[in-house]
Amino acid sequence: MRVLAINDVSCIGKCSLSVSLPIISACGVTCDVLPTALLSTHTGGFENYFFRDLTDDIHGILKHWRSLGERFDVIYSGYLGNIEQIETVAVITREFLKKDGLFIVDPVMGDSGKLYAGFTDEYVKKMRELCRQADYILPNATEACLLAGAPYHDYDISSVLQSLKDICPRPIVTGHLEKDGIAVHYLLKDGKEEKYSSENIDGFFCGAGDVFASSFVGALARGKDERTAIKLAADFTTAAIRRSAAEVTDKRYGLNFEREIFSFLKNLNTPSND
Ligand code: PXL
């Protein structure tokens with residue numbers, strides 16, 4: 001089972017490939033990588049970061065992969081450095097995804113109601129087009145509203161899911177705040193809406209979306225169904241957030257997910273979670 005993770009390398013801050021590679025590998029499947037950009041840190045709260053766009057390098061890498069005839073069972077895309085890269089990911093899935101393979105898009109664009117640094121409305125439009133090709137999309141509530149064209153400060157989660165359904169039939173929206181928790185809302189194959197609630201731990205945690213997406217992708221690649229993969233990923237993410245709330249003073253440095261991998265794997269390998 002080969003997963004291709006398309007995401008940036010943020011040297012410091014534990015997000016993107018620094019999270020996907022260890023988590024997906026720990027699930028027991030191959031995690032091949034395609035880096036989209038190289039940053040000294042992620043863009044969430046650090047100033048004057050170094051950013052190298054790797055678009056040209058991606059074309060060189062793909063040329064070699066073409067000559068080798070590489071194919072992947074799952075392609076998972078995350079942070080894409082620019083609009084051209086969104087178009088390139090669309091080409092990659094058409095060319096390098098196996099016939100019955102899964103394409104999973106985490107439309108990384110923003111959080112807390114705002115776009116991340118460097119992203120525009122044009123980018124949102126292009127990302128919406130990429131999501132149309134996906135089997136699953138994993139937006140957080142901010143990204144879900146951007147994709148659905150709904151106002152973040154006053155959105156109805158069921159209406160947002162219905163709008164997303166026209167873009168991708170299997171939307172999974174993370175980080176929806178409830179009165180006494182935080183929930184993942186998603187649509188099943190038959191269109192039925194479900195949710196999985198967790199404890200809400202106060203604060204903004206960089207990279208939490210990447211921990212959720214990577215563990216969801218790893219669990220699906222291990223043959224779990226969507227509902228089980230969501231539960232495993234949400235429990236792992238919540239445990240990592242709880243640990244980080246207690247241990248990490250500067251939240252820009254990301255989640256202490258490493259020490260929670262063992263429990264996640266124990267749950268992943270429990271037969272009742274099949
Ligand atoms: O975790 C999302 C993410 C990924 N990659 C980069 C980011 C962010 C969020 O800020 O800046 C470079």
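Visitor: What does the accessible surface of the protein chain come to?
Guide: It comes to about 12,200 Å², and 50% of that belongs to carbon and sulfur atoms. Accessible areas come from the Shrake-Rupley method with a 1.4 Å probe, and for residues only the protein chains shown count as cover.

Visitor: Where do these values come from?
Guide: This is a predicted model, in which local features need pLDDT of at least 70, side-chain atom pairs count only at pLDDT 80 or more, and totals for chains, interfaces and linings use all residues. Residues are numbered from 1 along each chain as its sequence is written, and side-chain values use heavy atoms, leaving out hydrogens and water.

Visitor: How many helices and strands are there?
Guide: The protein chain has nine helices and eleven strands. These are DSSP runs numbered from the N terminus: helices are H or I with at least four residues, strands E with at least two.

Visitor: What share of the residues is buried?
Guide: Of the 274 residues in the protein chain, 53% are buried, meaning under 20% relative accessible area with a 1.4 Å probe, protein chains only.

Visitor: Which residues of helix α6 are buried?
Guide: In α6, residues 157–165, they are I157, V160, L161 and L164. They cover an arc of only 100° around the axis, which puts them on the same side of α6. The arc is that of the directions from the helix axis to the C-beta atoms.

Visitor: And what covers them?
Guide: The cover includes α5 (141–148), β9 (172–178), β10 (181–187) and β11 (193–198), where contact means heavy atoms within 4.5 Å.

Methods: Buried < 20%, exposed > 50% of the residue type's maximum accessible area, 1.4 Å probe, protein only.
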